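Dear colleague,

Please find below the structure that I am handing over to you, with its sequence. My findings follow directly after it, and I would be grateful if you would read them alongside the coordinates.

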Amino acid sequence: EKSKHNLHPCDGIAVVKGNGAVATTYEVDYCTLMNKNLPASIRVLGWCETSPDFSARFSAAYRMYRYFFTAKHLDIAAMQAGADLLVGDHDFRNFCKMNIAEVSNFQREVYYAKIVLFKEDKTDPRRSVYMLEIKGVAFLWHMVRCIMSVLLLIGELKEKPAVVLELLDVESNPGKPMYGIADETPLVLHECGFDNLHVMWQPSVLW
């Protein structure tokens, strides 16, 4: 007998009534209902039940961001060297927009930070598209954009990769240096992970 939690939304559930008659009930097709009311650029592919205290923001076990940029004349290897220094548990107050009214702990853990080739242009490598892919438990306000701004300075050879270590050393640099913040347009929240949630993907909407 199938467990309710293993059922696909389109599977029928046989219900035996008091008079012995067997009827089949079906789960509500939430995905199709929602997709009919969403713009074509947003699709719901699956769903699962959550507890009443679930929060899409605060219950996330990790988040992954991607920031896209063109190669131009950037030193990609130097940018990766700088990105490597971000990995680990650090105080990122020099890599964010300060919001001391709501945040007092600037300690965050970055699982990995990679400069990845997204789309290669063999005729003109300067037009190839790369992305910073960065994954961590949580991020501070504008943290990814600040990180990207510093990495672009490294790629332009205006700073060395070691500047990342200097900014992470908040005892030596208690105040955030003046530097610009990278544009918001190429930034994408790519994925959020949640523990103990089992999403039921619906084949009909995957097509």
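Glutamate 156 is partly exposed in this predicted model, its relative accessible area being 41%. Its side chain meets that of lysine 158 in a salt bridge, with 3.3 Å from N to O. Lysine 158, for its part, is exposed, at a relative accessible area of 60%. Leucine 157 is likewise assigned to the exposed class, with a relative accessible area of 62%. Leucine 157 is placed in the loop between H3 and helix H4 (163-168), and it has a positive phi of about 65° although it is not a glycine.

Histidine 142 belongs to the loop between S7 and H3. With a relative accessible area of 22%, histidine 142 is partly exposed, because the buried class requires a value under 20%.

Salt bridges

How many salt bridges does a search of the whole structure find? The search returns five. In general terms, side chains of opposite charge can pair when their charged atoms come close. Besides the pair described at the start, two of these deserve a description.

One of them joins glutamate 133 to arginine 66, with 2.7 Å between the closest N and O atoms. Glutamate 133 is part of strand S7 (residues 129-136) and arginine 66 is part of strand S4 (residues 62-70), so this pair ties together parts that lie 67 residues apart in sequence. Are these two partners buried or exposed? Glutamate 133 counts as buried at 10% relative accessibility, and arginine 66 is buried as well, with a relative accessible area of 18%. Both assignments follow because buried means under 20% relative accessible area.

Another salt bridge is formed by arginine 126 and aspartate 124, whose closest N and O atoms are 3.1 Å apart. Here arginine 126 is partly exposed, at a relative accessible area of 43%, whereas aspartate 124 is buried, at 19%.

Helices H2 and H3

Two packed helices are described by the angle between their axes and the distance between the axes. Helix H2 (residues 76-84) and helix H3 (residues 143-155) have axes that come within 8 Å and cross at roughly 140°. H2 and H3 are therefore oblique to each other, since only an angle over 145 degrees would count as roughly antiparallel. The crossing in which H2 passes H3 is right-handed. On the H2 side, the contact is made by Ala78, Met79, Gly82 and Ala83; on the H3 side, it is made by Met148, Leu151, Leu152, Ile154 and Gly155. Sorted by class, this contact has seven nonpolar residues, two polar ones and no charged ones.

Two further residues of H3

Isoleucine 147 is located in helix H3 and is buried, with a relative accessible area of 1%. Which residues does isoleucine 147 touch, not counting those up to four places away in sequence? They are Leu86, Phe95, Leu132 and Ile134. Isoleucine 147 and asparagine 94 are separated by 53 residues in sequence and by 9.2 Å in space, C-alpha to C-alpha.

Serine 149 is also found in helix H3. Serine 149 is buried, with a relative accessible area of 10%. Apart from residues up to four places away in sequence, serine 149 touches Tyr179, Gly180, Ile181 and Ala182.

The protein as a whole

The protein has five helices and nine strands. Read from the N terminus on, its elements run β-β-α-β-β-α-β-β-β-α-α-β-β-α. Of the 207 residues in the protein, 33% are buried. Among contacts between residues at least 6 apart in sequence, 70% join residues that are at least 24 apart.

With kind regards

How values were computed. Residues numbered from 1 in each chain as written. Predicted model: local features only at pLDDT ≥ 70, side-chain atom pairs only at ≥ 80, totals over all residues. Heavy atoms only, no water. Axes fitted to C-alpha atoms, helices over the stretch in contact; angles between N-to-C directions. Helix = DSSP H or I, 4+ residues; strand = E, 2+ residues; numbered from the N terminus. Parallel < 35°, antiparallel > 145°, perpendicular 65-115°, else oblique. Left-handed = near helix turned anticlockwise from the far one by under 90°. Contact = heavy atoms within 4.5 Å. Nonpolar A, V, L, I, M, F, W, Y, C, P; charged D, E, K, R; others polar. Salt bridge = Lys/Arg side-chain N within 4 Å of Asp/Glu carboxyl O. Buried < 20%, exposed > 50% of the residue type's maximum accessible area, 1.4 Å probe, protein only.
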